[in-house]
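Please look over the sequence and the model below.

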Amino acid sequence: MTQIERGGIDFTCTHCGAIYEISKTPAHDSGAAVCEVCNMIMMEWVDSAIPLFRAKESIVDAKRHYLFGSSDSRRIA
Ligand SMILES: [Zn+2]
């Protein structure tokens with residue numbers, strides 16, 4: 001009954017360290033994946049299998065770490 005292919009590839013956003021799992025879809029197209037945490041482009045593809053990015057850990061937690069840092073240090077813009 002499992003329709004989803006297993007064996008996804010771990011992918012870590014190089015910008016913020018958010019961890020995703022990539023599954024490939026049968027569809028081919030061109031596009032780009034934008035990180036849900038830092039809004040940077042993680043990957044671009046041209047006329048190839050569309051990768052599906054799924055956050056492995058809570059995006060909320062990753063976002064909090066990204067925005068506020070891992071410790072209590074404050075960042076002032
Ligand atoms: Zn990111």
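Leaving aside residues up to four places away in sequence, Tyr-20 touches Phe-11, Phe-53, Arg-54, Ala-55 and Lys-56. Two residues are in contact if their C-beta atoms, placed from the backbone, lie within 7 Å. This is a predicted model, in which local features need pLDDT of at least 70 and side-chain atom pairs count only at pLDDT 80 or more, while totals for chains, interfaces and linings use all residues. Residues are numbered from 1 along each chain as its sequence is written.

Tyr-20 counts as buried because it has 26 C-beta neighbours inside 10 Å; the classes are buried for 20 or more other C-beta atoms within 10 Å of the residue's own, exposed for 12 or fewer, and partly exposed in between, with C-beta atoms placed from the backbone.

Tyr-20 belongs to strand β2, which spans residues 19–34 and pairs with strand β1, residues 9–12, in the antiparallel sense over four bridges. Strands pair if DSSP finds at least two bridges between them. Thr-12 has Ile-19 in β2 as its bridge partner. Six residues lie between β1 and β2 in this hairpin, and Gly-17 in the turn has a positive phi of about 85 degrees.

The chain as a whole has one helix and three strands, in the order β-β-β-α from the N terminus on. Helices (H or I, at least four residues) and strands (E, at least two) are DSSP runs, numbered from the N terminus. Of the 77 residues in the chain, 9% are buried. Among contacts between residues at least 6 apart in sequence, 40% join residues at least 24 apart.
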